[in-house]
Amino acid sequence: MHILGKIKVTAKLPEEISKLKDLAYNLWWTWNHEACELFREIDPELWDQTDKNPVHMLQVIHPEKLSEKTSDSRFMEKYTDVINRFERYMARKDTWFALNFPDRMSERIIYFSAEYGFHEILPIYSGGLGILSGDHCKTASDLGLPLTAIGLLYKQGYFNQRINRDGWQETEFAELDPSRLPILPVTKSDGKPLLISVEMPNRIVYARVWKMAVGRVDLYLMDTDIPENNRFDRTITYRLYGGDRETRIQQEILLGIGGIRLLDELNIHGTVYHMNEGHSAFIGLELCRKLIEESNLSFDEAREMVASSTVFTTHTPVPAGSDVFSLDMIDRYFSNYYSQLRISRDEFISLGLKPGDPYNFNMTVLALKMSGKRNGVSALHGAVSRNIYSSLWPDIPENEIPIQHVTNGVHIKTWLAYEFQRLLDKYFPENWYDRIHEPKIWEAVDQIPDREIWEIHLQLKRKMIDYVKNKLKKQLISNGIPVPEAERQASEIKTDAFTIGFARRFATYKRASLIFRDMARIERILNNHEMPVQVIFAGKAHPADRPAHEIIKQIHDIARHEGFNGKIFLIENYNMALARYLVQGVDLWLNNPRRPLEASGTSGQKAGINGIPNLSIADGWWCEGYNGKNGWVISDGMQYENEEQQDDADSKSLYWLLENKIIPLYFKRNEDGVPTEWVKIMKESIKSVAPMFSTHRMLSDYTRAYYIPCIDRVERIRQSNYNFIRNLSVFKHNIRKFWHDIRITSENRADFPVEHSIRSGETVTLNATVYLGNLSPDDVAVEVYYGPLENNQIQNGMTAEMDFMKRSESSACHYSVNLKITEGGEYGYTFRVIPKHSELFNKHDIPFIKWADK
């Protein structure tokens, strides 16, 4: 029999509950437990069968089930309550942004990311970057930010992981059916699908557009799998991070250039553009092209405007983490683009070149050069980023390089167990969720009785273990293990054992197998009958990362060894569902990356807000999060150049902490069976992590330090009819043209170094002479750079601007400063000149600096 066609029948919702459709198509339900419970109550079995996807469930449910619910007064009461909450949320006017920036509500922030993690039914995320993007959008909705998000719809998403019987990772891809997802096609006024286009070599590629509602935030996703494209171009958006370099550059052209064109089609006018990682860096080029074409600006002027409105967040902790493309590839894709920007091929290429690498076009470098505000995702990562990209600001002290940081956070309602949310409702002020980022709110955690905290943790732990047992049983059966044996092995996961969780992307630098460095010692720890311990592992390895696959294989094999069997569990296909159970239900969250390669790491934050203490290397967010009372730090921070020595030192510290501090403390119970000292650490974890590492705090930081300054600057540019940036571009042109003529000398003395002796608190007068050539004193700042001497080098340098005193007939400019130093010691100093203009976005906007000659 040959099927000639298909007929899709969707159950019609009774009028009384018709608003369930609106609810299903808005991802607000993903962070509001009452909404999920409402859908589940309609048909619990079908809710699970459809993977907790309300759109799919409402499509296939039997109409009688829906009719029955309209007669259920208790259900209808819940329905009314949830719908009222949803509608109040959507209509709310007194949001955080509206109250703090009422005059900026008409502006629009455009957020670009290559991946988004909202819920497991939408696997268009691979790990922390995507989850952060999803949490960013959810929080922008909660806070009322005028934000629109742009991304790609990957029809096969990210891969499903299967661990076969021999312990090797296998990848499987499932086709997403958009009709069953909470997304809708965007159409034009005539009802036809909205298409956008981008130029590729010798052809045009088209993409249709889908819209996803994330509370008050709209996310638009582009999809090339349409008849207008050839069979190869239809696959561009098949897989997240799939394919070769050609696929990658095509995806990034579509995301960046196509994303800007999508906004034009929708008549959405952005004020601020936020690039989450370098995948979308081509937006800067397309914005420049538009300004050149529409406002007749030069490239330098257009670039100045783009930088004024662009924020770039890097998540890359190593130079190799950046996307790079060969120059031949750039020529193939952009040779027709150079002239549209009114620049030469070499000028275009220079935008993506990192000094020392003349052969690769680097997307992180492009993003850094096209943005005015730049940040890493933790304080340490900001410092690491300044080091990695210091060559873009040559001769500028590393701590002054204009890359700041905004430490990542997590969306509290998504990751905080509902059981804990209800407990907080009981002890916290009524509006506590609106004040998540206020530490004072969380001090009420101390008022919650220890027993209540502990009982909720045990409840969550049982839920987690039941879920993991079920997953492990299915995993074993799929590998040919007989059902009775699969059930027996799964039953070995114990609720009374101290449970360590290690779940994250399997990259080699995360050192998943560090805990097995001394097999005899960890075996003793695991098999202490008085204090039993078990470890649950989960995580995916990139399909092309063979060393990471071998780590998964190693852990799988160790779990089968005598002494480890029934103590080590490796669970396949780590996703948001499994993550929620683990971060809410394990006893300890383990993180032991090779410092400083963990840019931020948010899984520990998710655990921390649920009262799960962290045991972690002092890396990423934990450098800021650890306070001595909310968990433990592995090792003393000493860095070894030899990785073997580092692993030895870190593993020994890990074992010592487990044996002498952590495990005994967990099993130390009072007469009621409550580990009061452990609960004290749990409480400290909640109240220290939740306010400071929430995305509410993160988004308020982005708004105050990045979005609003960009909005204000763009407004000034608009009001000046672009004269603001024209004048600034002329200034920068003159600086580049005449900078090499500058000379600066110290006091006119032959003896070097010059020595001054003063008492602490006294003032010393320092003088410098500067020859500015064709520049004027108004074009520069002359500074003294000083600090304590160590090994004849200035440490922790500070600056003080010098006063212009006079200009002599020889064109020499004389400067002076009175410097007061209050702390004793030996200090070094020198002089320097930097460009100065009242409208520079950052002090080192122009990466020029001239130091004093000897």
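Mentor: Domain 2 and domain 4 bury about 1,300 Å² between them, with 49% of that on carbon and sulfur atoms. Buried area is the accessible area (1.4 Å probe) that two parts lose on being put together, summed over both. On the side of domain 2, Ile396, Glu400 and Arg713 lose the most area to domain 4, together 37% of what that side buries.

This is a predicted model: local features need pLDDT of at least 70, side-chain atom pairs count only at pLDDT 80 or more, and totals for chains, interfaces and linings use all residues. Residues are numbered from 1 along each chain as its sequence is written, and side-chain values use heavy atoms, leaving out hydrogens and water.

Where are the two parts? Domain 2 spans 96-408 + 702-720, and domain 4 spans 739-851. These bounds come from an automatic or database domain assignment. Their centres, taken over C-alpha atoms, are 40 Å apart.

Now the contacts, meaning heavy atoms within 4.5 Å. Here 19 residues of domain 2 touch 14 residues of domain 4.

A salt bridge is a side-chain nitrogen of Lys or Arg within 4 Å of a carboxyl oxygen of Asp or Glu. Glutamate 400 forms a salt bridge with arginine 832, and their closest N and O atoms are 2.6 Å apart.
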